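Please open the structure in the viewer and keep the selection panel at hand.

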Amino acid sequence: MIFLETRKLTKNFGGLVAVNNVDFAIEQGKINAIIGPNGAGKSTFFNLISGFHPPSSGQVIFKGQDVTKLPANKIAQLGVARTFQTTNLFEQSTVIDNIIVGHRLRTKSNLFDAIFRTKRLRSEEALCREKAMEVIEFVDLQKVAHRPVAGLTQEEKKRTAFALALATNPEIVFLDEPAAGVNPDETEGLAALMRKMADKGVTVCLIEHKMQMIMKLADKIMVLNYGEKIAEGKPEEIQNNEAVIKAYLGGSAIA
Amino acid sequence: MSKIQRIVILGLILFAIVFPLISNNDYFIHVMTLSFIWMIGVYGLNLLAGYTGYLSLAHAGFFAIGAYSLGLLTVKAEMNFWPALLLSLIITGVLGFFAGLISLRTKEHFFAIYTLCVGYIIYLVIDKWDSLTEGVRGLIGIPAPANIGPLSFETLQSHYYLVLFFLLLVVLIMYRIVHSLSGRTYIAIRNSEDLAQTIGISTMKNKLTVFVISTVIAGLSGALYASFVRFIGPDIGSIAIVFDFLTYLLVGGLGTLSGPIVGTLLIVVLSQRLQFLQDYRMLVFGPVLTLLIIFYPRGIVGTAAAWGQKRRSSVHKTRLNNLPEEQVKEG
């Protein structure tokens with residue numbers, strides 16, 4: 001079943017075409033990967049889907065609904081979460097305090113509730129805290145839950161960012177280079193975590209440069225180069241695709 | 001809140017309550033009341049600049065709008081103080097809403113510069129609109145707050161208590177906002193607007209709400225000032241006032257709950273002590289403030305809190321996991 005798809009998605013920055021006519025379909029419950037050389041337009045593609053940039057043309061369809069023109073926060077409410085290449089967390093605050101606000105979009109309490117400490121606020125606060133603990137357990141960070149983010153390792157920060165995305169109750173998460181800057185052992189741990197997310201029913205779509213990991217992990221891969229989709233398919237198909245090899249190694253490598 | 005914090009806060013409130021009784025010096029009470037009024041304004045600025053990350057330099061303008069609204073309503077329209085106070089808060093809020101709607105389209109430095117201009121325009125309007133505001137002559141004869149039943153606010157002492165009441169109310173409201181889901185939302189916006197949006201927070205709506213509350217509190221501070229000093233001139237909307245607010249806030253600690261009180265009290269007391277230096281006081285303040293910003297950008301309260309956290313986390317490391325729930329809530 002097609003879960004999220006882009007139709008002829010295009011983004012121009014002035015004269016530069018960052019994403020060019022990309023058709024891409026994401027299946028539910030699978031791990032989808034987007035790869036491509038630096039500057040291929042992968043992050044821009046994410047930004048278009050998550051509502052950070054309005055596309056120049058084309059459409060984004062999520063569960064049959066056209067979400068092309070929705071702002072980022074509305075898209076998040078529909079169940080689309082994402083992480084950034086840099087984790088963007090609040091370093092002075094603890095892991096759990098960073099994550100509690102992640103469930104805010106599912107709550108209704110407002111300033112009135114805050115000033116008068118209403119029942120609704122208290123029950124929603126408890127709910128957010130519960131949700132935070134649940135996702136912390138899911139990403140296996142219980143040991144550092146009450147430590148400031150500043151003192152965490154890069155891998156733990158990545159897990160915290162995952163947890164924050166999961167706290168929004170997403171149906172699909174977009175992960176922008178989730179394994180950048182972590183060592184091979186930790187990369188395996190993160191890959192296992194992504195598999196766990198997919199098994200739990202959260203569709204995963206990631207950008208990554210670590211080919212070994214991608215080839216083992218992904219169910220489906222799309223390759224972008226200069227903003228255009230040059231290949232799409234299962235890992236083994238991509239590995240043997242001439243256009244992909246050419247894009248990565250240069251024209252003379254075909255032979 | 002820990003037990004120690006509770007005791008300290010109760011002690012401070014108690015001290016504030018008995019202060020006019022033990023100090024027979026009217027001058028001290030006068031200075032104290034003024035400091036409380038500044039603190040209220042600084043709290044308004046703190047919610048926006050400290051917790052939401054938008055440094056507004058228009059707040060002296062909104063302070064002046066609050067003061068002039070109250071002054072004009074009581075002097076020229078001859079309204080009773082209390083409805084006039086309410087109405088002046090609404091006026092400040094409505095003007096704040098429109099100012100926020102436009103200025104919040106900018107960010108960071110641009111926001112600061114834009115609001116600086118907004119503040120200056122407010123000052124100019126007050127200064128030049130002679131027929132309404134009396135211009136440079138100022139507004140004279142603003143009445144003291146009207147009696148509430150047997151309570152009268154004619155004396156200095158009673159006025160002190162009135163202002164103290166409003167200060168405590170503002171602190172309570174701030175405490176509750178900051179420690180609620182709304183407060184967490186604002187802090188998330190300060191931390192990273194992009195990330196806040198991806199977790200489903202409507203940043204514009206929240207920023208505008210904060211901007212309006214923040215201006216209303218500045219307006220409250222201005223209205224109390226007008227009824228306390230009884231005379232206002234356009235100078236209260238000048239750039240110098242907003243930089244006073246900012247100094248109090250930076251010294252106390254941006255984005256801390258007790259920062260506005262600590263910073264305001266410290267600077268006011270210091271500048272009273274240094275009266276004999278007259279304008280050369282600034283030669284002392286300037287360098288001290290510069291050094292503070294370079295070495296302790298989080299202010300007195302922020303730095304102290306960071307030390308406390310460091311100490312606690314080193315204790316935590318030796319004791320390892322499983323913190324009691326109470327300590328968790330504090331974080």
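How many residues of domain 1 of chain A are in contact with residues of domain 2 of chain A? In this predicted model, eleven residues of domain 1 touch nine residues of domain 2. To display the two domains of chain A, select 1-79 + 170-255 for domain 1 and 88-168 for domain 2. Their centres, taken over C-alpha atoms, are separated by 27 Å.

Next, select α2 and α7 (184-199) of chain A, each of which supplies at least two residues of the side of domain 1 that touches domain 2. The largest share of that side, four residues, comes from α7(A). By class, this side of domain 1 of chain A has seven nonpolar, three polar and one charged residues.

Now turn to the interface between the chains, where 34 residues of chain A are in contact with 27 residues of chain B. On chain A, select α2 (72-78), β6 (80-82), α3 (95-100), α4 (111-116) and α5 (119-138), the elements that give two or more residues to this side. The side of chain A that touches chain B comprises 15 nonpolar, eleven polar and eight charged residues.

Finally, select α11 (239-252) and α12 (259-273) of chain B, whose axes come within 7 Å and cross at roughly 115°. That angle makes α11(B) roughly perpendicular to α12(B), and the crossing is right-handed. To inspect the contact, show residues including B:Tyr248 and B:Leu249 of α11(B), with B:Ile261 and B:Leu266 among those of α12(B). The residues of this contact divide into eight nonpolar, five polar and no charged.

Note on methods: Residues numbered from 1 in each chain as written. Chains lettered and ligands numbered in written order. Predicted model: local features only at pLDDT ≥ 70, side-chain atom pairs only at ≥ 80, totals over all residues. Axes fitted to C-alpha atoms, helices over the stretch in contact; angles between N-to-C directions. Parallel < 35°, antiparallel > 145°, perpendicular 65-115°, else oblique. Left-handed = near helix turned anticlockwise from the far one by under 90°. Contact = placed C-beta atoms within 7 Å. Nonpolar A, V, L, I, M, F, W, Y, C, P; charged D, E, K, R; others polar. Domains from an automatic or database assignment.
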